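Reader: I would like to read some features of a model with you. Can we take them one at a time?

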Amino acid sequence: MRAARLIKMVLLLQSRPAMTAAELARELEVSERTVTRDAQALSEAGVPVYAERGRAGGYRLVGGYRTRLTGLARGEAEALFLSGVPGALREMGLEDAASAARLKVSAALLPSARDASRTAAQRFHLDAPSWFREPETPELLPAVADAVWDDRRVAACYRRGEEEVVRELEPYGLVLKAGVWYLCARVAPAASAASAVRAAGGGAFRVYRIDRFAAVEAGGERFERDGDFDLPAFWAERAEQFARSILRAEVVVRLSADGVRRLPYAVDAPAAREALEAAGAPDAEGWVTVTLAVESEDVAHEQLRGLGPEVEVLAPAALRGRFARDAGRLAGLYGG
C-alpha cells in the first residue's frame with residue numbers, strides 16, 4: 001500500500017513543477033504529516049525530492065529527474081480508453097485504475113504536453129443520462145463489470161415479469177443507454193453441448209437490463225470470446241430491432257411544411273423518416289399526407305399533440321375523434 005503511494009507521489013511531482021503538502025495530501029488521500037514522512041522516505045531512497053518554504057514553496061523534484069515507473073497495467077490501460085466517461089467509470093468501480101493510468105501517461109509526456117488531459121477535459125464532457133431523471137447505479141454493476149473485464153462466466157438471477165429465472169451467462173459487454181445499464185451476453189451452453197455450440201459459431205446473444213438482476217455470482221471458469229463479436233454493431237442492430245418491434249400500429253396524418261420539419265422530433269425519428277420518404281407530393285395547400293408507424297394510439301395522441309395545428313389526423317377515426325375533442329376544449333378555453 002505504501003509502496004504504491006510513494007510511486008504515485010513521484011509521478012505526481014514528475015508531472016507538475018511543484019505541489020504543496022496540502023495538494024499532495026488531497027491527491028494521495030493522506031494527512032500532510034504522512035506526506036512529509038513519505039517525502040523523507042523517497043529522499044533516503046535516492047529520489048531527489050526537496051521542499052521549499054514560503055508562499056511559492058512546495059515539494060519538487062530536482063530538475064531533469066525522470067522515473068521509469070510509468071508502465072501501464074492491463075486494467076489501467078483498459079480503463080484509460082474509457083476515461084472520457086468518468087461517471088461510467090465510477091459506477092463500474094474503475095475510477096482508481098483510470099486515475100492511475102492518466103497519471104502515468106501524464107508523467108511520461110513532455111512537460112509542454114502535460115496539461116493535455118486538463119485542456120481536453122475542459123473542452124469535452126459526456127453526460128449520458130437523459131434530462132429530468134436522476135440515474136440510479138445498479139447495485140450489482142461492479143460485479144458484472146468485473147466479470148466482463150475478466151471474461152468470467154456468471155450465474156445470474158434475472159427478474160422477468162413476475163418470475164425470476166437463473167441463467168449461466170457469458171458476459172461480453174456493457175452498454176450505457178440514456179442512464180440505463182445493459183449487459184450483452186450469451187447464455188452459456190451445457191458442458192455436453194459446448195463443443196457443438198462452438199462448432200456452430202456459438203449461441204445467440206441477448207440483452208439484459210442490469211437493474212433487473214437479483215443476484216450475480218462470478219465463477220472460476222473463464223469463457224473463450226467469439227472473435228467475430230462486435231459490441232457497437234450488435235447494439236446498433238438490437239436497438240433498431242427493438243425500436244421497430246414496438247411500432248405495432250399506424251396512423252394517417254396531414255402535415256404542414258412546419259409539421260414535416262418537426263415530425264422527427266415529435267415521434268420515433270426512423271419511423272418519421274420512413275414515412276416522409278414514402279409520402280407523395282404536397283397537396284394544393286402545401287400539406288403532405290403520410291402513413292406513420294406508432295407504438296399505439298395512446299402514444300400517438302401524446303406525441304402528435306406536440307405539433308399543434310401543424311398536423312391533422314385522418315385515421316384511425318377514434319384518434320381523429322380524440323384530437324377533435326382536444327380542439328373543442330382548446331376553443332372553449334381561448335375562444336372568448
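**Reading the features**

Author: One point before we start. This is a predicted model. Let us begin at the surface. Leu330 has 48% relative accessibility, so it counts as partly exposed.

Reader: In which helix is Leu330 found?

Author: Leu330 is part of helix H14, residues 317–334.

Reader: Which residues make a nonpolar surface patch of about 400 Å²?

Author: Leu330, Leu333 and Tyr334 make that patch.

Reader: Now the sheet. How do strands of a sheet pair?

Author: They pair through backbone hydrogen bonds, and the pairing is either parallel or antiparallel. Now the case here. An open sheet is formed by 3 strands, ordered S9-S8-S10, with antiparallel pairing.

Reader: Which strands stand at the edges?

Author: Strand S9 (288–294) and S10 do. Each has a single partner strand, so one side of each has no neighbour in the sheet. On average, neighbouring strands of this sheet are turned by 35 degrees against each other, direction ignored.

Reader: How many bridges join S8 to S10?

Author: There are 4 bridges between S8 (residues 249–255) and S10, and these strands run antiparallel. Val252 has Ala315 of S10 standing opposite.

Reader: What kind of peptide bond joins Ala315 and Pro316?

Author: A cis bond, with omega about 5 degrees. Pro316 sits in the loop between strand S10 (311–315) and H14. Follow the chain there: the strand, the loop with Pro316, then H14.

Reader: Next, a helix with a buried side. Which residues of H8 are buried?

Author: Buried means under 20% relative accessible area. In H8, residues 141–150, the buried residues are Leu141, Val144, Ala145, Ala147 and Val148. Their arc around the axis is only 160 degrees, which puts them on the same side of H8.

Reader: What follows H8?

Author: Asp151 follows H8. Its phi is near 55 degrees, a positive value in a residue other than glycine. Asp151 lies in the loop between H8 and strand S3 (152–160).

Reader: Where does Glu29 lie, and is Glu29 buried or exposed?

Author: Glu29 lies in the loop between helix H2 (21–28) and helix H3 (32–44). Its relative accessible area is 73%, so Glu29 is exposed. The cut-off for exposed is over 50%.

How values were computed:
Residues numbered from 1 in each chain as written. Predicted model: local features only at pLDDT ≥ 70, side-chain atom pairs only at ≥ 80, totals over all residues. Heavy atoms only, no water. Buried < 20%, exposed > 50% of the residue type's maximum accessible area, 1.4 Å probe, protein only. Helix = DSSP H or I, 4+ residues; strand = E, 2+ residues; numbered from the N terminus. Arc of directions from axis to C-beta. Patch = residues over 30% accessible without salt bridge, like charges linked within 9 Å, V, L, I, M, F, W, Y side chains within 5 Å. Areas by Shrake-Rupley, 256 points an atom, 1.4 Å probe, with all protein chains shown as cover. Salt bridge = Lys/Arg side-chain N within 4 Å of Asp/Glu carboxyl O. Pairing = 2+ DSSP bridges. Axes fitted to C-alpha atoms, helices over the stretch in contact; angles between N-to-C directions.
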